[in-house]
Amino acid sequence: MHAPDPHDTHPLPFHPRTAFLKPLITRPTIEVGDYTYYDDPLGPERFEEHNVLYHFDFVGDRLVIGRYCAIAANTRFIMNGANHDLRGFSTFPFAIFGGAWRDSFDPQSLAAGFRGDTVVGNDVWFGIDATVMPGVAIGDGAIVAAGAMVSADVPPYAVVAGNPARIVRMRFDAATVERLLAVAWWNWPVDKVTRNIDAIGGNDLERLESAT
């Protein structure tokens with residue numbers, strides 16, 4: 001038996017609502033790692049349009065998602081194009097509507113609220129209806145609860161929930177997290193992952209560390 005093909009759009013033949021995302025990505029400003037999947041009862045094919053919002057090419061920000069992530073339906077990534085300039089009395093974007101309003105356009109106002117790229121680590125689980133705001137970094141092994149609104153960075157192996165999302169607990173103690181990040185099993189060749197599925201999904205850290 002061989003590992004699944006990460007370029008197979010529908011790895012579950014009888015469950016078309018689930019897809020490996022990498023082969024569905026067409027935009028150069030979105031990067032998704034192998035085996036990360038998205039599940040949506042309406043179909044996963046329009047992920048870029050429906051789940052990555054306000055992502056304009058002229059802004060240039062990137063969405064980077066690592067390997068082996070599980071993304072539930074309606075998880076949304078809000079990108080920097082959604083931000084408005086907060087430096088003045090009004091946040092209304094007059095210039096985008098053209099006419100005489102465009103004459104007052106200040107290019108600096110466009111970038112005033114930008115927060116950089118959105119970066120998701122590996123083996124991250126997003127619950128249904130989670131939302132990630134621009135410029136957030138989510139660490140390896142984190143869990144984002146259903147309905148969470150993530151507006152700040154999430155440490156590796158943290159569980160976050162709520163609006164705004166807060167750390168509910170850490171999945172493991174600091175020493176274990178350090179060892180797991182050193183193992184970084186998601187960077188293993190897929191044949192090594194396949195040989196060690198039980199260790200990756202288990203709770204014997206020494207066994208995981210000694211995997212070959």
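Me: Helices (H or I, at least four residues) and strands (E, at least two) are taken here as DSSP runs, numbered from the N terminus. With that in hand, in which loop does His55 lie?

Reply: His55 lies in the loop between β4 and β5. Before we go on, note that this is a predicted model, in which local features need pLDDT of at least 70 and side-chain atom pairs count only at pLDDT 80 or more, while totals for chains, interfaces and linings use all residues. Residues are numbered from 1 along each chain as its sequence is written, and side-chain values use heavy atoms, with hydrogens and water left out.

Me: Is His55 buried or exposed?

Reply: The general idea is a scale of relative accessible area, on which buried means under 20%, exposed means over 50%, and partly exposed lies in between (1.4 Å probe, protein chains only). His55 has 6% relative accessibility and therefore counts as buried.

Me: Which residues is His55 in contact with, leaving aside its neighbours within four places in sequence?

Reply: Contact means heavy atoms within 4.5 Å, and on that basis the partners of His55 are Arg27, Thr29, Ile30, Asp61, Arg62, Leu63 and Met79. A polar contact is a pair of N or O atoms within 3.5 Å; within protein, one must be able to donate a hydrogen and the other to accept it, and residues adjacent in sequence count only if both atoms are side-chain atoms. For His55, a polar atom of the side chain lies 2.8 Å from the backbone oxygen of Asp61.

Me: How should I read a helix, and which residues of α3 are buried?

Reply: An α-helix has 3.6 residues a turn, so residues three or four places apart point the same way. In α3, which spans residues 174–183, the buried residues are Thr176, Val177, Leu180 and Val183. They cover an arc of only 120° around the axis (taken from the directions from the helix axis to the C-beta atoms), which puts them on the same side of α3. Ala174, Glu178 and Ala182, on the other side of α3, are exposed, and what covers the buried residues includes α6 (205–209).

Me: What is found at the start of α3, and what follows α3?

Reply: At its start, a side-chain oxygen of Asp173 reaches to within 3.1 Å of the backbone nitrogen of Ala175. After α3 comes Ala184, whose phi is positive, near 45°.

Me: How do I read a sheet, and what is the order of the strands in the open sheet that holds β7?

Reply: Two strands pair if DSSP finds at least two bridges between them. This open sheet of four strands has the order β4-β7-β10-β13, with parallel pairing. Because β4 (52–53) and β13 (149–150) stand at the edges, each with a single partner strand, one side of each is left without a neighbour in the sheet. Within the sheet, β7 (residues 76–78) runs parallel to β10 (residues 131–132) and is joined to it by two bridges, with Phe77 opposite Val132.

There is also an open sheet of four strands in the order β2-β5-β8-β11, again with parallel pairing. Its edges are β2 and β11 (137–138), and each has a single partner strand, so one side of each is left without a neighbour in the sheet. Two bridges pair β8 with β11 in the parallel sense, and Val120 stands opposite Ile138 there.

Me: Which residues touch the most other members of the largest nonpolar core?

Reply: A nonpolar core is a set of buried Ala, Val, Leu, Ile, Met, Phe, Trp, Tyr and Cys residues joined through side-chain atoms within 4.5 Å. Of the 30 residues in the largest one, they are Ile65, Phe77, Val120, Phe126, Ile138, Val144 and Val150. The elements that give two or more residues to this core are β2 (30–32), β5 (63–65) and β14 (158–161). A second, separate core of 16 residues includes Phe20, Tyr157, Val183 and Ala199.

Me: What is the phi of Tyr157, and where does Tyr157 lie?

Reply: Tyr157 has a positive phi of about 60° although it is not a glycine, and its place is the loop between β13 and β14. Tyr157 is buried, at 3% relative accessibility.

Me: How do β14 and β15 run, parallel or antiparallel?

Reply: They run antiparallel, joined by four bridges, and Val160 stands opposite Ile167 in β15. The two strands form a hairpin with four residues between them, and Gly162 in the turn has a positive phi of about 100°. Pro164 also lies in the loop between β14 and β15 (166–170), and the peptide bond from Asn163 to Pro164 is cis, with omega near -5°.
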